[in-house]
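Got a structure open and wondering what the labels on it rest on? Let's go through some of them, one at a time.

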Amino acid sequence: MQNAGAGAAGSRDSSGRSKDTATPAKFLVGIGRGVGGALLFALPMLMTMEMWALGFTMDRWRLVLLLLLALPLLIGISHRIGFEETFSWKVAGRDAMIAYGIGIVTSAVILSLFKLLMGDMPAQEMIGKIAVQAIPASIGALLGRSQFGSGKDDTDDDPKAGYGSELFMMAVGALFLNLNMAPTEEMILISYKMTPWHALATILISITLMHAFVYAVSFKGGHELSSDTPWWHALVRFTLPGYVIALVISLYSLWSFERLDGGSFTPAMMAMIVLAFPGAIGAAAARLIL
C-alpha cells in the first residue's frame, strides 16, 4: 500500500520531496498565491506614511544595500518554500526573481491606486517608493505559498529543516516585522521614554515569549521537547541565538532607515531593544509557519 501511495504522489528525491514535474497550471496557482501573499503581508506598509517618505528621502546607497541583501534572502526562502517544488539553487533563484517581480508590480499598482505615484513625479522618487515597498511585498509573495498552500503537494515538499535553516528562517521573520516597525517614529519615541529597567524587562519578556511561542504553549507547528531533553537545551540552542539575530537585524533596520543618525550609543541600544521585541515575535512565528 505504501508503494502504491508513493507511486500516485510521484517519485521522491533523497530528502523525501515529491519530484513530480510542475504543470503550468500549478505554477500559475503559485503566482496567484504570491500576489495574495504580497498584498496580505505588505499592505500595512503600503499604507504607512513613513514608508512613502522613505522612498524619496532614504539614502540611495542604503537602499541599494537593502535591495542587494534581499536577493540572497529571497533565494533562501524560495529554496525552502518556493512557488513550486524546488530542487536546485538555480530554480530557487528563478523563483526569487519572480517574487521580486510580483513585489514590484504589486507595489506599483497599489501605490498608483492610492495616488502616491503620479506621472509628474521625478523618476527617482517613483523608483525609490516602489523599491522600498517591493522588498516586504516580495517576501510576502514567497510566504504566501506557505500560508495559502493546501493539499498533499504542499505538505510533501518541505524538507526537514537543519539548524542553519532554522536560524535563517528566524532571521526572515525578524526582518519582516522589523520592516513594518523600523520606519516609524514610534520606535524612537518609545525608546526615549523607557528606563534601563524597562529595557531589561523588555529583553526578558521578548526571550520568554519567543521561547513560549515555539515550545511551551502548543501552537500548531510548535516543537515539543522529549522527556530526556534538558529544559535549557532549546533555550540555549534556539531561543537565545534567535534573539541575538533579532537584535542584530533590528540594529541594521534602524540604521538602514536612518533612525540612528546623529544619536549616541545608549539611545541606539534602547531603540534596538524596542524593535527587537516585535522582531523576536516574528522570529518565533517564522519557526511555526515555515
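Predicted model: local features only at pLDDT ≥ 70, side-chain atom pairs only at ≥ 80, totals over all residues.

Q: What makes Asp-261 and Arg-62 a salt bridge?
A: The closest N and O atoms of the pair are 3.3 Å apart. The cut-off is a Lys or Arg side-chain nitrogen within 4 Å of an Asp or Glu carboxyl oxygen, so the pair counts.

Q: Which parts does that Asp-261 and Arg-62 pair tie together?
A: Asp-261 sits in the loop between helix 11 (231–256) and helix 12, while Arg-62 belongs to helix 4 (residues 60–81), so the pair links parts that are 199 residues apart in sequence.

Q: How many salt bridges does the structure hold?
A: Four. Among them is the one between Asp-95 and Arg-94, at 2.9 Å from N to O. That value is within 4 Å, so this pair passes too.

Q: Buried or partly exposed: what are Asp-95 and Arg-94?
A: Asp-95 has a relative accessible area of 0%, so under the 20% cut-off it is buried. Arg-94 has 36%, which makes it partly exposed.

Q: What about Lys-129 and Glu-125: what makes them a salt bridge, and where are they?
A: Their side chains meet at 3.3 Å, N to O, which is within 4 Å, so they qualify. Both are in helix 6 (residues 123–148), four residues apart, and so about one helical turn separates them. In general, an α-helix has 3.6 residues a turn, so residues three or four places apart point the same way.

Q: Why are Lys-129 and Glu-125 called buried?
A: Lys-129 is at 7% relative accessibility and Glu-125 at 15%. Buried means under 20%, so both get the label.

Q: How do you know that the buried residues of helix 3 line one face?
A: The buried residues in helix 3 (residues 49–57) are Met-51, Leu-54 and Gly-55. Looking down the helix axis, they fall within an arc of 105 degrees, so they line one face. On the other side of helix 3, Met-49 and Phe-56 are exposed.

Q: And helix 9, what makes its buried residues line one face?
A: In helix 9 (residues 185–193), Met-187, Ile-188 and Ser-191 are buried. Seen down the axis, they fall within an arc of 95 degrees, so one face it is.

Q: Which residues have the most contacts inside the largest nonpolar core?
A: Ile-139 and Tyr-243, in a core of 67 residues. Helix 12 (residues 265–289) gives the largest share of this core, eleven residues.

Q: Where is the nonpolar patch, and what forms it?
A: On the surface, where Val-35, Leu-39, Leu-43, Met-47, Leu-113 and Phe-114 form it, with about 500 Å² of accessible area together. Its largest share, three residues, comes from helix 2 (residues 24–46).

Conventions. Residues numbered from 1 in each chain as written. Heavy atoms only, no water. Core = buried A, V, L, I, M, F, W, Y, C linked by side-chain atoms within 4.5 Å. Buried < 20%, exposed > 50% of the residue type's maximum accessible area, 1.4 Å probe, protein only. Helix = DSSP H or I, 4+ residues; strand = E, 2+ residues; numbered from the N terminus. Patch = residues over 30% accessible without salt bridge, like charges linked within 9 Å, V, L, I, M, F, W, Y side chains within 5 Å. Areas by Shrake-Rupley, 256 points an atom, 1.4 Å probe, with all protein chains shown as cover. Arc of directions from axis to C-beta.
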